[in-house]
Amino acid sequence: MQVSLNYISDLTGIDRRRVTKTLRDLPSQPGPHNSRTVDSAAALRVLYAGAGEDGRLDPSQEKAALDKVGLYNRMQHRP
C-alpha cells in the first residue's frame, strides 16, 4: 500500500524529518499535494530494522525483528 511520509510519521511517532531522511533512497511515487508516497511495508521495514549496505535487509536482522514482534504479539494475547 502506498502511503505518504507524513502518514508514516504519524503512524510511528517518528519525526517527519527523520522519516524523510531515512527513507530518501526508497523508491517513491508522486502523491497528492506535492508529497511522496512509498510502499508502507518497505518503509516500516527500513525504519524499524534498518537497511543493509545495498538497501536490503540482512536476513538474520529481519528474522530477529520478526521474532521480537511475534513474541510481543503472543504476550499481548495471553488470557
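Tutor: We begin with strand pairing: two strands pair if DSSP finds at least two bridges between them. Helices (H or I, at least four residues) and strands (E, at least two) are themselves DSSP runs, numbered from the N terminus. Here, E1 and E3 run antiparallel and are joined by three bridges. Within this pair, Val-3 stands opposite Val-38 in E3.

Student: On what basis are the values given?

Tutor: This is a predicted model, in which local features need pLDDT of at least 70 and side-chain atom pairs count only at pLDDT 80 or more, whereas totals for chains, interfaces and linings use all residues. Residues are numbered from 1 along each chain as its sequence is written, and side-chain values use heavy atoms, with hydrogens and water left out.

Student: How many helices and strands does the protein have, and what pattern do they follow along the sequence?

Tutor: The secondary structure comes to four helices and three strands. Read along the sequence, the pattern is β-α-α-β-β-α-α.

Student: In what order do the strands form the sheet?

Tutor: The order is E1-E3-E2, in an open sheet with antiparallel pairing. E1 and strand E2 (29-30) stand at the edges with a single partner strand each, so one side of each is left without a neighbour in the sheet. E2 and E3 pair over two bridges in the antiparallel sense: Gln-29 stands opposite Thr-37 in E3, and Pro-30 stands opposite Arg-36 in E3. The two strands form a hairpin with five residues between them, and His-33 in the turn has a positive phi of about 55°.

Student: How does one describe the placement of a helix on a sheet?

Tutor: One states the contacts (heavy atoms within 4.5 Å) and the angle between axes. Axes are lines fitted to C-alpha atoms, for helices over the stretch in contact, and angles run from 0 to 180 degrees between N-to-C directions. In this model, H3 lies across E1 and E3 and runs at about 80° to E3.

Student: How should I read the buried side of a helix?

Tutor: An α-helix has 3.6 residues a turn, so residues three or four places apart point the same way. Buried means under 20% relative accessible area, exposed over 50%, and partly exposed in between (1.4 Å probe, protein chains only). In H1, the buried residues are Leu-5, Ile-8, Ser-9 and Thr-12. Seen down the axis of H1, these residues fall within an arc of 100°, so they line one face of the helix; the arc is that of the directions from the helix axis to the C-beta atoms. The exposed residues Asp-10 and Leu-11 are carried on the face of H1 turned away from its buried side. The cover over the buried residues of H1 includes E1, H2, E3 and H3.

Student: Which residues are buried in H3?

Tutor: They are Ser-40, Ala-42, Ala-43, Val-46 and Leu-47. Viewed down the axis of H3, they fall within an arc of 165°, so they line one face of the helix. These residues pack against strand E1 (2-4), H1, helix H2 (16-22) and strand E3 (36-39).

Student: Is Ser-40 buried or exposed, and what does Ser-40 touch?

Tutor: Ser-40 lies in helix H3 (residues 40-49) and is buried, with a relative accessible area of 18%. Not counting residues up to four places away in sequence, Ser-40 touches Met-1 and Val-3.

Student: Which polar atoms does the side chain of Thr-12 reach?

Tutor: A polar contact is a pair of N or O atoms within 3.5 Å; within protein, one must be able to donate a hydrogen and the other to accept it, and residues adjacent in sequence count only if both atoms are side-chain atoms. A polar side-chain atom of Thr-12 lies 2.8 Å from the backbone oxygen of Ile-8, and the side chain of Thr-12 reaches the backbone nitrogen of Ile-14 at 3.2 Å. Thr-12 is found in helix H1 (residues 5-12) and counts as buried at 18% relative accessibility. Leaving out residues up to four places away in sequence, Thr-12 touches Leu-44 and Tyr-48. Just after H1, Gly-13 takes a positive phi of about 80°.
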